[in-house]
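Take a look at the structure below.

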Amino acid sequence: MGGTMISHMNIIVTFVFLSSLHVFSVSGSSRNLPIVSFDEGYSHLFGDGNLMVLKDGKSVHISLDERTGSGFVSQDLYHHGYFSASIKLPADYTAGVVVAFYMSNADLFEKNHDEIDFEFLGNIRGKDWRIQTNIYGNGSTSKGREERYGLWFDPSEEFHQYSILWTENLIIFYVDNVPIREIKRTREMGGDFPSKSMSLYATIWDGSSWATNGGKDKVSYKYAPYIAEFSDFVLLGCAVNPLQLSKCDAAPEHKMIPTGLPRHQRVKMQNFRKKYIQYSYCYDRSRYKLPLPECAIEPKEAEQLRGFDPVTFGGAHHHRSKRHQPARSNKFKASSI
């Protein structure tokens, strides 16, 4: 009797948890923030006819084929804010395909640019998409600060919200309103925290050289075109004049813009990381003999990653697996094949 009751209780708890996740991901994803149409907020970046704005004006498809990738860019530069989009990724065989949703000022600061990245890394048939986050500040491209995760859903089945909060002292990445990573500006980080005004970009491109199994599995164009769908654009940032980068036209104020992580959100982030983190630069002993100075080592997270890959995260002196190499490439030049 007791075992049956416990079993029923477990089923109920699991059902409630999954139901709350579903409600959270659907109703809480956009935070009820104002949505802008594509033409209000963005412009075509590259890709000839591989970018298509839908009739509603609020959704856009970008695609990768044998000729080229494609992408778009925000019309304004921003200095801090909350930026978001709903994204549906390509399905089936997607090895080598990279979809990126990110902030950058590489066009203005070639040698000392800043960047805040969401990168979605495709996979072979039957294997899941992976999501990667990264930041650069003041041209610190020699210090990759990547983290990589699995997800609790298939991002090719329906739209999910991906968001970036960027303030003077804090960066938070969100998936469906669940915070997955927090980066605090610290004295130890020096000038490596993104601090200059940036544009927002979305691109799809061929990352065959590194994106899947260290380049072992490449894009197969017999499955092309690969189409990434974007909608629900949120651009609540401090817009700046390119000629006066230190001045904001208007700093948006909205009660739904987060300013940090309250306790319940921090618990959500911790739970996500326990289940889904696959890589973090802070624990990569084959890459950094000592963690970068801003790293705060969490013993449980370190143990979890050692179990996932003892060579990379345990400090063993073996040849490093290619799948953990810094995943960098020029998103502009690599986009046109």
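What follows is a short tour, one topic at a time.

This is a predicted model: local features need pLDDT of at least 70, side-chain atom pairs count only at pLDDT 80 or more, and totals for chains, interfaces and linings use all residues. Residues are numbered from 1 along each chain as its sequence is written, and side-chain values use heavy atoms, with hydrogens and water left out.

Start with the aromatic rings. Rings of Phe, Tyr and Trp (its six-membered ring) pair if their centres lie within 6.5 Å; planes under 30 degrees apart count as stacked, over 60 as edge-to-face and the rest as tilted. The structure has 23 such aromatic pairs. In one of them, the ring centres of Tyr102 and Tyr201 are 5.1 Å apart and the planes meet at 15°, so this pair is stacked. Tyr102 belongs to strand β6 (residues 97–104) and Tyr201 to strand β13 (residues 199–206). Helices (H or I, at least four residues) and strands (E, at least two) are DSSP runs, numbered from the N terminus. Both Tyr102 and Tyr201 are buried. Buried means under 20% relative accessible area, exposed over 50%, and partly exposed in between (1.4 Å probe, protein chains only).

Now find Trp152 and Phe272. Their rings form an edge-to-face pair, 5.9 Å centre to centre, with 80° between the planes. Trp152 lies in the loop between β9 (147–149) and β10 (160–166), and Phe272 in helix α3 (residues 263–276), so the pair ties together parts 120 residues apart in sequence. Trp152 is partly exposed, at 23% relative accessible area. Phe272, at 4%, counts as buried.

Rings also gather in groups. Ring pairs join Phe38, Tyr42, Phe72, Phe101, Phe230 and Phe233 into a cluster.

Some rings have a charge over them. That requires NZ of Lys or CZ of Arg within 6 Å of the ring centre and within 35 degrees of the ring normal. The charged end of Arg148 sits over the ring of Tyr279, 5.2 Å from its centre. The charged end of Lys196 sits over the ring of Phe109, also 5.2 Å from its centre.

How many disulfides does a search of the whole structure find? It finds one. A disulfide is counted here as a pair of cysteine sulfur atoms within 2.5 Å. Cys282 and Cys295 form it, with sulfur atoms 2.1 Å apart. The torsion about their S-S bond is about -85°, so the disulfide is left-handed. Cys282 and Cys295 are both buried.

Next, the nonpolar cores. A nonpolar core is a set of buried Ala, Val, Leu, Ile, Met, Phe, Trp, Tyr and Cys residues joined through side-chain atoms within 4.5 Å. The largest has 61 residues, and those with the most contacts inside it are Phe72, Phe101, Phe118, Phe120 and Phe230. Strand β14 (residues 226–241) gives the most to this core: six residues. A second, separate core has 11 residues, including Tyr82, Leu165, Leu236 and Met269.

Finish with the backbone. Most residues other than glycine have a negative phi, and most peptide bonds are trans. Ala224 and Pro225 are joined by a cis peptide bond, with omega about 0°. His80 has a positive phi, near 80°. This residue is in strand β5 (residues 77–88). Asn177 also has a positive phi, about 70°.
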